[in-house]
Every structure is written in C-alpha cells, then in structure tokens.
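Subject: Structure for your files

Dear colleague,

Here is the structure I promised to pass on. My notes on it follow below.

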Amino acid sequence: MKEKTKEFLKKYLLGFILGVVSAGVVIVYAETYFPSNNVTYDNSESGLSSTNVQGAIDELYGVCTAEPPAGEQIIENAGLEKDPYECRYFFTGANPNNYITFNDETAGWRIISVECDGTIKIMRNDSIGDMAWDTSDNNNWARPASLNTYLNSTYYNKLNITAQNQIIAKNFSIGEVESDDESLSNSINNENNKKWNGKIGLVTITEYLRSNSDIKLCGSPSLIHDNYINCQLKTWMYYLNSHWWTINNQADYNFPAMIIHSNGDFYSTSVSAKAAIRPTIYLSQNIKITGGNGSQSTPYTIE
C-alpha cells in the first residue's frame, strides 16, 4: 500500500502542486514528466530540505504517513477539546472512553488529561487502600508527607519495570484551594502557586472539577458544595461509598488536607485521617498506543 502511494505521487503530482506542507505550499516548476530527481523547485517556504522532486515526495510521504504521538491520537479519537484555562485536554462526563491498561492492569486506570507537551496524566480507577495523608500531622505534601513517601518508594517499587519506564517525573500543582471560591480560574491559579516534582501524586481539586461535564452547575468549589447531588452524576471520578484524598490543602481551614467525599462534595479533614488512595502519574510523551479505543471493554494499550 505504501509503495502504491509513492508511485501515485510520482506519476500524477510531478509538474503540478506537490502538496500542502505545514509551513506552506510547495510548487513544482516543470513542463514535462522527466525523471523527478532532476526536477528542481523553490523550497524556501515549504519547510522541506530537499531541492528535487523525488526527495520532496519522499519527505512529504514521510510526513503524511508518520504515526502521530499517543497524546495526539487520543485527542483526535476522543474528540477532546482544549481546556480554556490551561494547555490541557480533559476527559469529562459520567463515563467517557478514557480507560487505559497500565502496569498490566487491564482497564485499571483512566486518563485525566492529555498535556500539550505530549504527556498523559492518568489516575488509578480503584483505590490501592486506605491510608493517612500524613502520619505526623505534616500538612505539606512536598516536605514530604508520609503518603508522598509511600507512593514514590514502596508503591512505585511494586510496579513492573515496563510501567516504571513509562512514568515521567513532572510538576504536580499542590497549592491551597479556598473551599468557597466562586471562580474556577482563581482556584487553578491557587493550585499552581506551589509545585512539587515527582513521579506519583494525587488528583487536584480543579482536575476533579474539570472532569465534570456541567461546568455551569459544578465548575467551582462553591458550586460543588451547592449542587453535589447532581454533580456526582456528571463526573467519571465519582467514587461511590468511599472518601478519597486529593493532593491539595484547604486555604481557609489552617491547611488540612482536602478529601473528596463519597457524596461527590469535598471538604478538609485531618491529615492523619484515613481515606482511599487513587494514585496519579504522567505517562511519557514517548509511549505509543498499540490498540484499544478507550472503552472499558477495549481500553487503550500502550508500549
């Protein structure tokens, strides 16, 4: 099939417009169909390096058939739209096709977002158990909190080698969030005021908010408090019958840790309390999708 495509390009495009390339249009100047490697053209605006038609065909053919990065495939296949607040693409709604196999756990993880740098942020669908956020009343995730240490040592070491190699260390937003903030944008900025770099973290409050398909009803901390009964039905992150930790502190309650309630609301609680753990990680931009469509029965597979 590839060879037929190349022959088609050779036979029918010589002497005409070669094609539209990302940087511009390559126009071939020729009057007859003589050997393509002897035909020259102006490539100053094309972005290509070759100065003969055969080379341009080879370059264009490579551009057209190269497999896009995994993140781009997911964005295109799922029809994801860019987040209006940051350069990210979020999965939203009660049950989007964002399942992914990771660490040999088939459909055991779900995609939170695709980042503009090509990394993919995922979260374990089920908890790995109930633990304290910190056992010594430390309210600083980066200090580190005991849960931070557990996830990035004991739990990380339990992952298989392939999974470990697919993880990339990256900045997690750990800033404090105001519980009654009426502005999602403001909450995002507050989260981004503090960063921690590591391999395994937890979801942020605003990632939870942005997983909801109804931003008008559920798109800020104050709105969630008012509408959590309806909001719990509009996000895939909802975790029935279990409270689970986020990575953030609550700014207006002396910085205790933030927890997502089993009813879909969130609140602050003592860091020594026990709640469910749903680890989050960033997959490297170098991973490749090998199959699947993101559904629970046919999750994305990667290598």
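A residue is called buried here when its relative accessible area is under 20%, exposed when that area is over 50%, and partly exposed in between. With a relative accessible area of 17%, Glu105 is therefore buried. Please keep in mind that this is a predicted model.

Salt bridges

There are ten salt bridges in the structure. In one of them, Glu105 is paired with Arg124, and their closest N and O atoms lie 3.0 Å apart. This pair links distant parts of the chain, since Glu105 belongs to strand β5 (residues 105-115) and Arg124 to strand β6 (residues 120-124), 19 residues apart. Arg124 also counts as buried, because its relative accessibility is 18%.

Lys170 and Asp117 form another salt bridge, with 2.8 Å between the closest N and O atoms. Here too distant parts of the chain are linked: Asp117 sits in the loop between β5 and β6 and Lys170 in strand β8 (residues 170-173), 53 residues apart. Lys170 is buried at 18% relative accessible area, whereas Asp117 counts as partly exposed at 40%.

Glu176 forms a salt bridge with Lys194, the closest N and O atoms being 2.7 Å apart. Glu176 is in the loop between β8 and α6, and Lys194 is in the loop between α6 (184-192) and β9 (195-198); 18 residues separate the two. Glu176 counts as buried at 17% relative accessibility, and Lys194 as partly exposed at 39%.

A network of salt bridges links Asp83, Glu86, Arg88, Glu115, Lys121, Glu207 and Arg210.

Strands β11 to β13

Strand β12 (residues 257-260) is covered on both faces: Ala257 and Ile259 are buried on one side, Met258 and Ile260 on the other. It pairs in the antiparallel sense with strand β11 (residues 244-249) over three bridges and with strand β13 (residues 266-269) over four. Ile259 has a bridge partner in each neighbour: Trp245 in β11 and Tyr267 in β13. β12 and β13 form a hairpin with five residues between them, and Gly264 in the turn has a positive phi of about 100 degrees.

Negative patch

The loop between β11 and β12 holds Asp252, which counts as partly exposed at 39% relative accessibility. Asp252 forms a negative surface patch together with Glu178, Asp180, Glu182 and Asp226.

Regards

Note on methods
Residues numbered from 1 in each chain as written. Predicted model: local features only at pLDDT ≥ 70, side-chain atom pairs only at ≥ 80, totals over all residues. Heavy atoms only, no water. Buried < 20%, exposed > 50% of the residue type's maximum accessible area, 1.4 Å probe, protein only. Pairing = 2+ DSSP bridges. Patch = residues over 30% accessible without salt bridge, like charges linked within 9 Å, V, L, I, M, F, W, Y side chains within 5 Å. Areas by Shrake-Rupley, 256 points an atom, 1.4 Å probe, with all protein chains shown as cover. Salt bridge = Lys/Arg side-chain N within 4 Å of Asp/Glu carboxyl O. Lys, Arg positive; Asp, Glu negative; His and termini not counted. Charge placed at Lys NZ, Arg CZ, Asp CG, Glu CD.
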